[in-house]
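Dear colleague,

Please find below the structure that I am handing over to you. My findings follow directly after it.

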Amino acid sequence: MPGLSFTLPHWLYWIGLIGFPIIAMILSRRPQPTQKRFTLPLGYMIAVTGGILGLHRFYLKSLWGLVYLPVFLFILYANAQTHDARTILSGFENELRVAQRVLDREEGRVTEAREGLAELQAAVAAAEEGSFAKKSAERRLTRAEDTIYKGEERLEEARATLETMTPERDAAAATRQSWDNSAGYAFYLLLALLAVDLVLLPGLVRRANAQLPPEEEISEAERALAAAEAEDAPKQDKDYAENWIDRLSLFCGEFVAYWAVIAVFVYYYEVIARYVFGSPTNWAHEAMYLMFGMQYLIAGSYAMLTESHVRVDIFYAPMSKPKKAWVDLLTSIFFFIFAGTLLVTSWIFAMDAIAVPSGNAVVSDWARGQVGFGEMVSGFGLNQWTDPNIRWGEISFNEWEVPLWPMKWVMVMGGLLLVLQGVSKLSKDIREVARGN
């Protein structure tokens with residue numbers, strides 16, 4: 001089975017985090033067709049991302065997608081068998097290595113002891129009976145005989161191990177190779193089926209659209225459900241926007257919400273890479289938990305604006321709007337203490353992250369106070385972006401080595417957005433109290 005060695009480039013990670021939400025927001029604002037139809041771009045996207053599972057066929061309501069599933073399940077089974085065979089093979093190879101080391105060590109010791117045995121026997125015979133020299137010679141002779149006896153036992157066990165384990169090792173290696181080849185052939189079969197479907201996909205989309213009814217039929221139960229949902233629908237985002245701060249919070253919340261879609265693709269890749277290709281990654285997990293950390297910080301102002309954060313409102317919920325405004329005004333002092341602390345400490349964290357001397361970036365020199373702002377700006381050239389020896393501050397400790405300082409600056413952005421949204425909420429509460437009086 002072929003392996004994967006792809007590592008996500010840092011530039012692609014950041015382009016994805018910035019570009020994907022923008023594209024998704026543009027597409028979501030496009031007018032939707034009155035009749036739902038199958039589209040060729042979406043069909044190709046599903047085929048590229050999930051074609052080995054036959055998802056493109058299921059998207060087009062084609063039962064031929066079921067052909068892909070048993071082949072894919074066989075790949076998973078074969079990879080599991082390959083893993084088990086690899087474990088067994090590793091055990092046999094370890095036993096053989098130990099046996100070979102015993103042979104290499106004991107053969108020399110036994111040979112050396114045999115060569116010196118006659119000399120030791122002569123020394124015992126020549127020594128005076130009962131003397132210290134005779135007792136010393138007898139001890140040396142006994143140790144030599146023990147070395148020969150025990151060494152021959154170890155050699156016999158090692159030779160027996162080599163004799164019995166070698167065929168078993170070869171059989172385990174053949175089993176592992178067989179399952180590995182079987183998984184590879186099944187995978188190539190899926191690729192061949194997918195290649196054929198990529199050619200046939202335009203015709204499949206046209207045929208699927210031709211089978212759609214002229215008008216989508218909606219039952220009475222579906223109409224009633226739609227009416228109930230419309231009646232109980234929550235407030236729309238536009239209903240919250242009263243000023244530019246609210247609009248900024250709404251935009252940032254929607255922007256980072258699309259990052260969850262990126263996580264679906266990345267974790268899908270990680271599962272396929274791990275269980276189909278046997279090539280687990282480190283970057284996928286790190287990239288996603290860093291992304292979700294930034295999402296949590298940026299979405300804080302959106303949660304505050306839409307009141308979607310968790311809180312206990314047993315006493316707060318039944319109050320009138322003016323009373324709620326009074327409560328919010330009184331408790332806002334605690335909010336601004338938290339938000340201000342977050343903003344100040346995150347600024348310190350971000351500056352410290354840039355100031356890490358992990359390269360000769362002029363930005364890091366400026367953050368450490370070694371150069372002034374003007375000197376930093378004048379010394380900032382293209383090499384600051386392209387030279388691999390230049391690193392802008394703190395990086396992660398695994399082999400992906402993604403820069404961590406941008407995440408620290410996102411903490412600053414999240415704190416700033418939260419403070420701004422607090423100011424907006426404070427102004428609304430003041431106006432509500434004024435109207436109530």
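I begin with the helix packing. Helix α10 passes helix α11 in a left-handed crossing. The model is a predicted one, and in it α10 covers residues 259–275 while α11 covers residues 283–298. Their axes come within 10 Å and cross at roughly 165 degrees, which means that α10 runs roughly antiparallel to α11.

A second pair is formed by helix α4 (residues 68–115) and helix α6 (residues 132–210), whose axes come within 5 Å and cross at roughly 160 degrees. This angle is over 145 degrees, so α4 is likewise roughly antiparallel to α6. The crossing of α4 past α6 is again left-handed.

Turning to charged side chains, the count comes to 16 salt bridges. One network of such bridges links Arg105, Glu106, Arg109 and Arg154. Glu106 counts as buried because its relative accessibility is 1%, whereas Arg105, at 41%, counts as partly exposed.

Helix α17, which spans residues 405–436, holds two further pairs. Asp429 and Lys425 form a salt bridge with an N to O distance of 2.9 Å; the two residues are 4 positions apart in α17, about one turn of the helix. Asp429 is buried at 7% relative accessibility, and Lys425 is partly exposed at 21%. In the other pair, the side chains of Glu432 and Arg435 meet at 2.7 Å, N to O. These residues are 3 apart in α17, which is also given as about one turn. Glu432, with a relative accessibility of 17%, falls under the 20% limit and therefore counts as buried, while Arg435 is exposed at 58%.

Leu426 also lies in helix α17 and is partly exposed, with a relative accessible area of 27%. Leu426 and Leu12 are separated by 414 residues in sequence, and their C-alpha atoms are 40 Å apart in space.

Ile15 lies in helix α1, residues 10–28. Its relative accessible area of 47% makes Ile15 partly exposed.

With kind regards

Notes: Residues are numbered from 1 along each chain as its sequence is written. This is a predicted model: local features need pLDDT of at least 70, side-chain atom pairs count only at pLDDT 80 or more; totals for chains, interfaces and linings use all residues. Side-chain values use heavy atoms; hydrogens and water are left out. Buried means under 20% relative accessible area, exposed over 50%, partly exposed in between (1.4 Å probe, protein chains only). Axes are lines fitted to C-alpha atoms, for helices over the stretch in contact, and angles run from 0 to 180 degrees between N-to-C directions. Angles under 35 degrees count as roughly parallel, over 145 as roughly antiparallel, 65 to 115 as roughly perpendicular and the rest as oblique. A crossing is left-handed if the near helix is turned anticlockwise from the far one by less than a right angle, and right-handed if clockwise. A salt bridge is a side-chain nitrogen of Lys or Arg within 4 Å of a carboxyl oxygen of Asp or Glu.
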